[in-house]
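Hi everyone, and thanks for coming along.

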Amino acid sequence: MIVDDVKINVFAGHGGRGLVTFSKTKMTQGPTGGNGGIGGSIFIEGVSDLGALRQFRFKKELRADDGQNGKSQLNDGHDGDDLTLYVPVGTVAHLVQTNSPVWGRRNIEIGKIGQREIIAKGGKGGKGNFLFRSATDTSPEKFEEGKPGESFEIRLELKMIADVGFIGLPNVGKSSLLNEITNAKSKVANYPFTTLEPNLGIYFDLILADIPGLIEGASEGKGLGIKFLRHIERTKILFHFVSADSANPISDYKTVRTELEIYNTLLLEKPEHIFISKSDTVLESVIKNIKADFKKLNKEVTPISILDETSLGDFKKILNNLITEKQA
Ligand SMILES: Nc1nc2c(ncn2[C@@H]2O[C@H](COP(=O)(O)OP(=O)(O)OP(=O)(O)O)[C@@H](O)[C@H]2O)c(=O)[nH]1
Ligand SMILES: [Mg+2]
């Protein structure tokens, strides 16, 4: 099952201590202690893998490296390496308790692949004795300790933000199409409930989400249930697929819409495109009839088949228009 809500403890690196040392050369016995290095900070960065939070199920303590202590001959200690945690696009990070300069009171939302945000800042390194020299103190024994890195308990909650959500009854070809037009590798098979977790595919600037099939009663927990309706809430546009080989495409369409409505009426207000999938499996005349039936509901539908290049081209045009709108 997809991990979509985890708590982790992050520890940014401690700053290194400044060094107290003096030049060994007799002429110049001045202070030469270098500064401590800065502790590594911790970042989160968005990736397309929706399952990425799984890594935190058992590994809950995440530490960046400490800065090294200062060295002799004015050499500063190395800074600690930063640590990057990869989280799915649509992850919201909240502080469980504290407040901090890095966070203020905000939540940090990862809305884009590659978006990188700091969540815990490494500690400053301490000054070595070289920086404490003065006219009155040419042999200072003073130094600073490094400062501790920030540490927090953080909750990572996946609230997927896809541009387009693929919805429909099971087995209508949602995953097949996602695989066809993106580099996704969603499992495909000729039986219902093949897809058990949402999958993301990237089409240029758009994030497409293949949502597991919905059935009547999904909003009450039937089939794979309402878990995924929550994800649909966060998609901007719905692509609703109805199979051309269905005995009753209109009733299939209404079944899914009813489940959306029961879960949250606002879902019905999302922009929607309706596609008649697997259009290669029926005669042209059947497609015409389905179109006419939807027309009576004032709905336009677009036939699509992964075996028909022309229809795939039409599908990509719709996506390209969405990209243009998104950029505008
Ligand atoms: N002839 C034909 N078969 C298709 C087409 N698209 C998908 N299929 C087949 O339909 C079956 C179901 O496809 P999936 O992509 O797994 O369907 P799905 O909607 O993702 O199903 P769930 O994950 O169960 O919701 C598979 O056997 C596919 O090979 C199509 O355009 N034409
Ligand atoms: Mg599927």
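Before anything else, a word we'll need: a residue is called buried when its relative accessible area is under 20%, exposed when that value is over 50%, and partly exposed in between. Please also keep in mind that what you see is a predicted model.

Ser175 has a relative accessible area of 8%, and because that is under 20%, Ser175 counts as buried. Thr195 comes out at 10% relative accessibility, so Thr195 is buried too.

Why pick those two? Ser175 belongs to helix H1, residues 174–181, while Thr195 sits in the loop between H1 and strand S10 (199–203), so the pair ties together parts that are 20 residues apart in sequence.

Now stay with H1 for a moment. Is this helix mostly covered or mostly open? Mostly covered: 6 of its 8 residues are buried. The buried ones are Lys174, Ser175, Ser176, Leu177, Leu178 and Ile181. And what do they pack against? Their partners are strands S9 (164–168), S10, S11 (206–210) and S12 (237–243), along with helix H5.

Time to zoom out. The protein has 5 helices and 14 strands. Its radius of gyration is 28 Å, well over the 20 Å that the globule rule gives for 328 residues, so the protein is more spread out than a compact globule. You can see that in the C-alpha trace as well, which spans about 100 × 40 × 35 Å along its principal axes.

Even so, 47% of the 328 residues are buried. If we take the contacts with a separation of 6 or more, 74% of them involve residues 24 or more positions apart. The accessible surface comes to about 16,700 Å², and carbon and sulfur atoms hold 50% of that. As for charges, there are 42 positive and 42 negative ones, and their mean positions are 4 Å apart.

Next, the loop between strands S3 (61–63) and S4 (83–88), where we find Leu74. Leu74 has a positive phi of about 65°, although it is not a glycine. With a relative accessible area of 41%, Leu74 is partly exposed.

Gly67 is in that S3–S4 loop too, but at 10% relative accessibility Gly67 counts as buried. Which residues does Gly67 touch, leaving out those up to four places away in sequence? The list includes His14, Gly37, Ile38, His78 and Asp79.

Another residue with a positive phi that is not a glycine is Lys278, at about 55°. Lys278 lies in the loop between strand S13 (272–277) and helix H4 (284–296), and its relative accessible area of 24% makes it partly exposed.

Last stop: Leu307, in the loop between strand S14 (301–303) and helix H5 (309–327). Buried or exposed? At 66% relative accessibility, Leu307 is exposed. Its C-alpha atom is 20 Å from that of His273, 34 residues away along the chain.

That's my tour, and I'm happy to take questions.

Definitions and conventions: Residues are numbered from 1 along each chain as its sequence is written. Chains are lettered from A and ligands numbered from 1 in the order in which they are written. This is a predicted model: local features need pLDDT of at least 70, side-chain atom pairs count only at pLDDT 80 or more; totals for chains, interfaces and linings use all residues. Side-chain values use heavy atoms; hydrogens and water are left out. Helices (H or I, at least four residues) and strands (E, at least two) are DSSP runs, numbered from the N terminus. Buried means under 20% relative accessible area, exposed over 50%, partly exposed in between (1.4 Å probe, protein chains only). The radius of gyration is taken over C-alpha atoms; the globule rule is 2.2 Å times the number of residues to the power 0.38. Contact means heavy atoms within 4.5 Å. Accessible areas come from the Shrake-Rupley method with a 1.4 Å probe; for residues, only the protein chains shown count as cover. Lys and Arg count as positive and Asp and Glu as negative; His and the chain ends are not counted. The place of a charge is taken as NZ of Lys, CZ of Arg, CG of Asp or CD of Glu.
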